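The following exercises concern the structure shown below. Each task is followed by a solution in steps.

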Amino acid sequence: MSEVAALRRRARDAYEHGRLRIASRVGWVVVPIALLCMWETRAPLRTALLAAAVFALATMIRWRQVAGFKIVRTGFQSGAVPLAAALGLCRFAPECPPSLALALCGSGGLMAGALFGRTLDAERNALTTWLSVATVGGLLATMGCLALGVGTALGAVSGIAVGAAITTLAARRVPA
């Protein structure tokens, strides 16, 4: 009896190890983005810490949640818009006023959140999925926006959350 239990445990461990290995391949996306952000923002320590958080969170979501791959992909897509806006400001207008940076990153986050809110499945674990996507997208956006100021990063994260909430609630009210 103990041999069967040991065999089952080894099989389960091998299965989980394989799932973790597949989930950690998200590093192939996170590392180049982090390197670009380090180069453009000239804030390597903050960017490296945020990249480590994005990598750890994305790996955990892909490993442990049923729709983890879709959640992380949607989070990356929603965070990419304010990230690109912030990196564009860092490159082409590094001395822009903070209010302009906040408006650009916040509106980019709002637009991205509205787009990802449309992709959420309203019937299955909607709150968990919404929180996971918003967290991944917010952390990714923060990698670029933090160089412009904490307020700008908070504006991008808030924009993502508000845009997704509005779109998700509006989609639930529209009859099919």
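**Exercise 1.** State which elements of the protein chain have the lowest and the highest mean pLDDT.

Solution. pLDDT is the predictor's confidence in each residue, from 0 to 100. Helix α7 (residues 150–173) has the lowest mean, 78, and α3 has the highest, 92. The protein chain averages 83, and 93% of the residues score at least 70. This is a predicted model, in which local features need pLDDT of at least 70, side-chain atom pairs count only at pLDDT 80 or more, and totals for chains, interfaces and linings use all residues. Residues are numbered from 1 along each chain as its sequence is written, and side-chain values use heavy atoms, with hydrogens and water left out.

**Exercise 2.** Determine how α1 and α3 are oriented to each other.

Solution. Helix α1 (residues 2–23) packs with helix α3 (residues 44–64) at an angle of about 135°, and their axes are 8 Å apart. Angles under 35 degrees count as roughly parallel, over 145 as roughly antiparallel, 65 to 115 as roughly perpendicular and the rest as oblique. Therefore α1 and α3 are oblique to each other.

**Exercise 3.** Identify the residues through which α1 meets α3, and sort the contact by class.

Solution. Contact means heavy atoms within 4.5 Å. On the α1 side are E16, R19, L20, I22 and A23; on the α3 side are T59, R62, W63 and R64. By class, the contact has four nonpolar, one polar and four charged residues.

**Exercise 4.** Describe the secondary structure of the protein chain.

Solution. The protein chain has seven helices and zero strands. From the N terminus on, the elements run α-α-α-α-α-α-α.

Notes:
Axes are lines fitted to C-alpha atoms, for helices over the stretch in contact, and angles run from 0 to 180 degrees between N-to-C directions. Helices (H or I, at least four residues) and strands (E, at least two) are DSSP runs, numbered from the N terminus. Ala, Val, Leu, Ile, Met, Phe, Trp, Tyr, Cys and Pro count as nonpolar, Asp, Glu, Lys and Arg as charged, and the others, Gly among them, as polar.
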